[in-house]
Amino acid sequence: MSQFAINLMFVGGSFLIYIGIAIWAKAGSTKDFYVAGGGVHPITNGMAIGADWMSAASFISMAGLIAAGGYANSTYLMGWTGGYVLLAMLLAPYLRKFGKFTVPEFIGDRYYSANARLVAVVCLIVASVTYVIGQMAGAGVAFSRFLEVDATTGLIIAAIVVFIYAVLGGMKGITYTQVAQYCVLIVAYTIPAVFISLQLTGNPIPGLGMFSTHAESGLPLLTKLNQVITDLGFNQYTADVDNKLNMILFTLSLMIGTAGLPHVIIRFFTVPKVSDARWSGGWALVFIALLYLTAPAVASMARLNLMTTIYPEGTQSQPLEYEARPEWIKTWELTGLISYEDKNGDGRIQIYNDKNADFVATTATERGWKGSEMVVNNDILVLANPEIANLPSWVIGLIAAGGLAAALSTAAGLLLAISSAISHDLIKGRLNPGISDKGELLAARISMSVAIVVATWLGANPPGFAAQVVALAFGIAAASLFPALMMGIFSKRVNNVGAICGMLAGLTFTLAYIFVYKGWLFIPGTNNLPDTAEYWIMGISPLSIGAIGAVVNFAVAFSVSKVTAEPPIEIQELVESVRYPRGAGTAHDH
C-alpha cells in the first residue's frame, strides 16, 4: 500500500469519527451550542481542554521552534504551562460561579455596561482571529504534505472539515470531538517520539532519551547536537539567552495571555459545579503534560536527524548531493515548505548559519560556500520527523492524523468563541435583545461560517510560523481581556469607565506595536520597521509586548476608576459573591 493511501486511511478515518460525533451531538439549543448543556464531566472536559489547547502551535510548530532555537525557545513551554496554573487557580472557578455563557457577557454584567461588553467582543474577536490564523496555517501545512497538494489547497480542505463539524455541533459536538482528537493527537505524538528515542539513544522514554547517550557517537545526545550545529556556525543548542528582559516579558505574555484566552475560558462554563471547574483545570494539566514533557526531546532529536541527514558523519565539508537527497525532502519540496537553491553550483546541499560573519569569513569561504542553500520551514519538523528517521509508513500516517487533529480541534474552539461573541454578545446583547433561541442559533452558525472564511484567507499569508502567530494572539489577549477579568473578580473599585479605557488602551498599544513590525492588519509589506532585534524598542519583541500592554491596561483602568464614581453597591456585592464560590446554579446532564 502506498504512503498516500495509508495517510488517507488514517486521516479519512479520523475525520469520519469527528463528523459522526458532530451529528450524534448536534446542538439543539443555544445552551448546547455555547456550553454543551453545562453538564460535562471534569475528566471529559479536561481532555477536551487538552485538545483545545494543544493546537497546531503545540503539536506542529512548538517543537519546530525549539528545534531551531534550542533553549531560547523553551519559553513557549514555560509560558503556556504556567498560564494554565493561573487560569485554573485565579479565573476559571470564579467565572464558572458567575454562570454566564461568554467572557464578554461576564465583562458586560460585572462592569454594568453594554459598551464594556462591546469592547470585550472586539478584543475577543481580534485575539481569536489572530490565533485561528495560526491554526489554519498549521492545518494547511499538514494537509498539503499528507494529501500531496499545495499549501493553499490544504488550507481550503481544512476549512471545509472545520465547517462541517464545528458549525453543526457547536460546543456540544466540539467537546466530544475534541476528546476523540486528544486521543488521536497524543498517540500520534508519543509513538514516533518513542521510536526515534529508541533509535538514537536506546531509551524508550523520549524525555529521558534527550539526556541519554547518543548511540552512534557515544556522546550525550545534547553534546552531540551542540557539536554538529556549532561546526556549522549556529549557536549552541543549550546556550543561554542574552536578552533576559525579552525572555521574561515573553514568558509572562504567554502566561497571562493563556489565562485571558476566551476559547479556553468558555470550556470551564461547560461543567456542572464550581469545584468541577478546578478539577477540569487539574486534569487538563495532566493531559497537556504528556505532550509538553515530550516536545523538547522531539525537537532536539529532529534537529539532530535533519543535520546528520544533510551532513553524514564526518562530511561537514562534503554535504549531501542534491540528487541523492532522500524521498522525504522530495515530497516536502512539492508543498513549497522546503526549497533549495544551488548558490555555488556544486550540486550539494549546504545548510549553515550564513548570518554568522566570522563563520562566513573563515570556514564558509574556505569551503567555497556562497550562502545557505536549503530553507526548511520550522512547522514541518514534527510532521517530517518519522520520515527523516525512516519509521514505518503507518507511523507517518498516524502523525498525519494527529497533526490535523491538533490544528482542527483548536480552530473549532476559537471559531465557537468568535461566533458566540457575535451572536450572543453583539446581536442578542445589543442589536436585537428579543431574538428567539432559534434565531440566535442561526446567527451563531452564520457568524462561525464567516469567521472560517476570514481565517482561511488570512491563514494563506500568516505573519509568521504557527507558534509565532499564536504568540501574537496571546499578547493581544494578555493586554486586553486578562486585566479586565482579573480586576472584575478581585477589585470592587474598578468601574465601567476604567475597564473600558483600560481594555482600549491595552489593545491599541499592543496592536500598534505588533503592526509596526508585522505589517498593518498583518498585510505583508506594510510594516514600518524590520522585525529584527536591532529595531525593537529596548529589545522587546512584538511577541513579548502583550505583558507591557497588560501593565498599560491595569494602570489606565485603576487611574480612571480612581477619579470617577465607584461602582454601584449591588455590583460590589456581586464581586464579593463571585470571589467566594459556594455554588453555581444548576446544569443538566446529557
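## Serine 544 in its loop

Serine 544 is located in the loop that joins helix 21 (496-518) to helix 22 (545-562); helices here are DSSP runs of H or I with at least four residues, numbered from the N terminus. The structure is a predicted model, in which local features need pLDDT of at least 70 and side-chain atom pairs count only at pLDDT 80 or more, while totals for chains, interfaces and linings use all residues. Residues are numbered from 1 along each chain as its sequence is written, and side-chain values use heavy atoms, with hydrogens and water left out.

The relative accessible area of serine 544 is 0%, so this residue is buried (buried means under 20% relative accessible area, exposed over 50%, and partly exposed in between, with a 1.4 Å probe and protein chains only). Apart from neighbours within four places in sequence, serine 544 is in contact with Asn246, Leu249, Phe250 and Ser253, where contact means heavy atoms within 4.5 Å.

## Serine 14 in helix 1

Serine 14 belongs to helix 1 (residues 3-24). Is serine 14 buried or exposed? Its relative accessibility is 5%, and therefore serine 14 counts as buried. A polar atom of the serine 14 side chain lies 2.8 Å from the backbone oxygen of valine 11. An α-helix has 3.6 residues a turn, so residues three or four places apart point the same way.

Helix 6 (residues 103-110) is largely enclosed by the rest of the structure, because 7 of its 8 residues are buried. The buried residues are Val103, Pro104, Glu105, Phe106, Ile107, Gly108 and Arg110.

With 27% relative accessibility, tyrosine 112 counts as partly exposed.

## Helix 17 against helix 14

The axes of helix 14 (residues 295-310) and helix 17 (residues 381-388) come within 10 Å and cross at roughly 55°; axes are lines fitted to C-alpha atoms, for helices over the stretch in contact, and angles run from 0 to 180 degrees between N-to-C directions. Helix 14 is therefore oblique to helix 17 (angles under 35 degrees count as roughly parallel, over 145 as roughly antiparallel, 65 to 115 as roughly perpendicular and the rest as oblique).

On the helix 14 side, Val298, Ala302, Asn305, Leu306 and Thr309 meet Leu381, Val382, Asn385 and Ile388 of helix 17. This contact has 6 nonpolar, 3 polar and no charged residues; Ala, Val, Leu, Ile, Met, Phe, Trp, Tyr, Cys and Pro count as nonpolar, Asp, Glu, Lys and Arg as charged, and the others, Gly among them, as polar.

## Helix 17 against helix 18

Helix 17 also packs with helix 18 (residues 393-431), at an angle of about 175° and with the axes 9 Å apart. Val382, Leu383, Pro386 and Glu387 of helix 17 meet Val395, Ile396, Ile399 and Gly403 of helix 18. By class, the residues of this contact divide into 6 nonpolar, 1 polar and 1 charged.

Where is asparagine 390 placed? Asparagine 390 is in the loop between helix 17 and helix 18. Although asparagine 390 is not a glycine, its phi is positive, at about 60°. Asparagine 390 has 68% relative accessibility and so counts as exposed.

Definitions and conventions:
Helix = DSSP H or I, 4+ residues; strand = E, 2+ residues; numbered from the N terminus. Polar contact = N/O pair within 3.5 Å; in protein donor to acceptor, adjacent residues only side chain to side chain.
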